[in-house]
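Let's take a friendly tour of this structure. Have a look at it first, and then we'll go through some of its features.

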Amino acid sequence: MSERQWHTREFPEAAKDLLQNSQLRKNVQHATTVIQGKRNKVTAELPDWEDLRESGAQVRAHTLRHLDHYLTKFEENCTRAGGHVHWAADAAEANRIILGIVQQHSAKEVIKIKTMTSEEIGLNANLEAHGIWPIETDLAELIVQLGKDRPSHFVAPALHINKQQVRTIFQREMNLPELGDKPEDLATAARNYLREKYLRIKVAISGGNFMIADSGGVCILESEGNGRMCLTLPDVLISIIGIEKVIPSFRDLEIFLQTVPRSATGERMNPYNSVWCGVHPGDGPKEFHVVLLDNGRSPILADKESRQTLQCVRCGACLNACPVYHQTGGHAYESVYAGPIGAILTPQLLSMEKARSLPYASSLCGACYEVCPVKINIPEVLIHLRSKVVQQDQATFAGKFSLWNIGMKTAAFVFENADRLVIAERLGQIGQKPLVSKNGFIEWLPLMLNGWTQTRDLKAMPAQSFRQWWAKERGSESNGMKSTGKKNA
Amino acid sequence: MPESGGHRVVILESIQRALGTHNSADSIAAEYSHLTRDYTQRGRLDREQLLDLFTDRLLEYDAGVSRAASHTIRDVVAQVLTGRGKGGLVGPAGIPSNWLPIDFTFEVAEGWDAYRLDKTEGVLTGCTVAIAETGSIVLQNAPGQGARILSLVPDYHLCVVFAEQIVETVPEAFARIESTSTLPTTFISGPSATADIEMTRIKGVHGPRFFDVVLVTE
């Protein structure tokens with residue numbers, strides 16, 4: 001299996017390539033439009049939808065403010081129920097812990113429920129390197145794994161692939177030359193392929209949607225029953241979960257079990273939710289491990305403006321709502337976490353050292369904020385992170401003396417003073433003359449300004465500016481705005 | 001018994017450093033109790049409307065629904081099984097004998113492994129609570145519901161739900177299961193399904209592909 005590489009390119013470069021793939025764009029647009037429509041319908045039918053969003057946001061924000069308290073409480077209760085809680089500071093540590101448990105049980109194969117956290121730490125590649133074969137059981141993850149592809153959406157990882165493409169992958173990888181392309185046929189093929197594996201394989205690996213501090217329980221939402229198979233049949237279960245995924249109380253699930261299914265798949269409830277605490281004799285695995293993963297999360301808490309990023313419950317609604325994601329799909333983000341939430345989460349997880357173009361991969365239209373079931377103000381965080389990127393650049397010699405920085409500094413100098421602006425406008429009116437075409441548009445600009453005119457024309461500055469017009473028309477009046485108001489009244 | 005002690009301390013210290021403040025458990029509990037919870041707690045439907053809503057939601061998921069009275073449960077179960085072409089079912093311990101029709105086999109499958117359950121025709125269970133608004137039944141590890149494997153591996157699941165077990169909203173259901181929250185708990189909303197291929201909901205992947213409810217209303 002090919003090793004999945006992330007963060008190899010910046011967003012603009014990756015997006016440019018993917019925009020050439022019209023089949024992918026068609027698949028992504030079809031899928032996101034369908035989910036978005038269903039989501040809008042089932043959220044509109046709840047009169048208390050906004051109250052649920054508000055409570056969800058408050059519970060998540062409260063938990064993050066006291067994350068150390070709730071994590072230790074979860075640990076205490078999960079341990080009391082017979083679970084083993086491990087703490088992993090980074091990906092390497094998490095991989096070591098998981099590999100150790102798998103090897104302790106001499107397992108050569110493990111079955112897996114879809115988990116983005118596993119993707120984040122590169123778990124599959126690490127297991128394979130040690131001769132252990134991880135088998136993805138979520139239908140979409142299976143498609144991605146057998147197709148040697150990368151997930152492009154964290155609720156529906158194969159959203160960029162259509163049914164004919166799935167058939168081709170299954171025909172080849174499952175040796176089923178006669179397989180049809182009806183979704184039912186494809187689901188049946190997956191069922192038959194995996195069933196024997198569920199019954200036989202003794203170690204399972206999952207993520208987790210919520211860790212419940214007051215009961216020590218873990219909750220997983222899913223559709224197919226592959227999750228339940230992995231959570232119930234094997235002898236050993238290992239759940240790798242980000243430290244931010246804890247909630248204070250079992251009762252808080254009454255909020256999230258209403259908002260997450262409606263946001264994620266547009267269903268009133270997804271087919272299966274499982275909640276379990278540690279081990280229960282005669283029911284499910286005999287051994288249960290939780291690996292709590294930090295991997296860059298705890299430092300994010302220090303920044304009060306971007307801390308809300310960690311409120312995310314991974315429903316994917318912001319991806320489906322995003323006009324940029326609609327065009328590019330998930331792979332353009334070169335990140336495990338794609339879409340608007342990925343654009344703010346990924347650079348922060350990487351300490352703003354990589355993926356620095358992602359905060360710019362947005363039109364700041366705000367659709368993501370509007371649909372977020374825990375009210376993460378993604379546009380606000382995007383702007384905050386953009387300012388961090390700029391500050392980082394300005395701190396370097398090359399950045400400080402870059403054309404871009406000099407240009408922006410000059411613009412700021414001009415805009416902060418009315419007299420300077422008037423002079424700049426006059427200079428612009430004269431200076432633009434050689435660039436204006438006959439149609440009154442500027443079709444080409446030099447240097448970095450060329451980025452604008454590459455894909456669109458710029459209207460030339462008019463011969464008379466608004467300020468000049470105002471001075472001419474109302475210059476004699478002492479308070480122009482006020483008198484205009486009176487005249488119109 | 002916390003493991004990886006070293007990293008535990010490193011992570012907790014990193015969190016505390018980032019947050020900058022440390023509050024007592026009491027003050028955290030006080031803050032938690034003041035969080036806004038203006039969402040709907042209680043439903044408003046009368047009994048008939050509630051039963052209708054629950055039925056509609058189940059039908060939308062492509063589950064079957066049949067009504068029974070407490071003295072006709074076994075007859076209705078027999079009808080449903082005949083309709084599905086089943087000769088018998090397995091189930092957990094604690095299934096009341098008046099649910100079981102005479103001409104069909106029933107075996108208690110406690111402790112059976114997945115291979116054995118995979119060969120059965122289906123499973124019969126009760127439930128702890130059901131939610132009308134979302135068409136969900138909630139199973140816990142209790143008599144008449146059993147271990148999670150029972151309602152998972154067989155390809156067919158028949159669930160007997162009593163009218164008084166049905167609540168309208170999700171918060172009402174949580175109020176009922178809060179005291180047993182540490183039991184293995186499964187929310188089931190229709191047969192297993194996926195929307196992973198072109199966002200079309202397809203019934204029947206790994207969980208039971210067929211799911212019926214017998215609704216006991218009097």
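This is a predicted model: local features need pLDDT of at least 70, side-chain atom pairs count only at pLDDT 80 or more; totals for chains, interfaces and linings use all residues.

## A pair of facing residues

Strand E5 (residues 129–131) and strand E6 (residues 136–140) of chain B pair in the antiparallel sense, over three bridges. As background, strands of a sheet pair through backbone hydrogen bonds, either parallel or antiparallel.

## A sheet across two chains

Now zoom out. How many strands form the open sheet, and in what order? There are eight, running E8(A)-E5(A)-E6(A)-E9(A)-E9(B)-E6(B)-E5(B)-E8(B), with mixed pairing. The edges are strand E8 (246–247) of chain A and strand E8 (166–167) of chain B, each of which pairs on one side only.

A helix joins in as well: helix H6 (residues 170–177) of chain B packs on the sheet. This helix touches E5, E6, E8 and strand E9 (185–188) of chain B, and its direction makes about 170 degrees with that of E5(B).

## Where the chains meet

The two chains share an interface in which 76 residues of chain B are in contact with 101 residues of chain A. The size of an interface is often given as the accessible area lost when the parts come together. Here the area buried between chain B and chain A is about 7,700 Å², and carbon and sulfur atoms give 58% of that.

Which residues of chain B lose the most area to chain A? They are Arg148(B), Met199(B) and His206(B), together 11% of what that side buries.

## Empty space inside

Rolling a probe the size of a water molecule over the atoms shows where empty space is left. Searching the whole structure turns up nine cavities of 30 Å³ or more. The largest cavity holds about 710 Å³ of space and is lined by 40 residues, with Lys114(A), Phe154(A), Val155(A), Asn209(A) and Leu221(A) nearest its centre. Among the elements giving two or more residues to this lining are helix H12 (253–264) of chain A and strand E10 (193–194) of chain B. By class, the lining has 17 nonpolar, twelve polar and eleven charged residues.

The second largest cavity has a volume of about 100 Å³. Its lining has 14 residues, and the closest to its centre are Cys312(A), Cys315(A), Cys318(A), Cys372(A) and Pro373(A). This lining splits into twelve nonpolar, one polar and one charged residues.

Conventions: Residues are numbered from 1 along each chain as its sequence is written. Chains are lettered from A and ligands numbered from 1 in the order in which they are written. Side-chain values use heavy atoms; hydrogens and water are left out. On a 1 Å grid over the protein atoms alone, a cavity is a set of points where a 1.4 Å probe fits but cannot get out, and a pocket is an open set with protein on both sides within 12 Å along at least five of seven lines; lining residues have an atom within 4 Å of a point. Grid points are joined across faces, edges and corners, and a volume is the space filled by probe spheres set on the points. Helices (H or I, at least four residues) and strands (E, at least two) are DSSP runs, numbered from the N terminus. Ala, Val, Leu, Ile, Met, Phe, Trp, Tyr, Cys and Pro count as nonpolar, Asp, Glu, Lys and Arg as charged, and the others, Gly among them, as polar. Two strands pair if DSSP finds at least two bridges between them. Contact means heavy atoms within 4.5 Å. Axes are lines fitted to C-alpha atoms, for helices over the stretch in contact, and angles run from 0 to 180 degrees between N-to-C directions. Buried area is the accessible area (1.4 Å probe) that two parts lose on being put together, summed over both.
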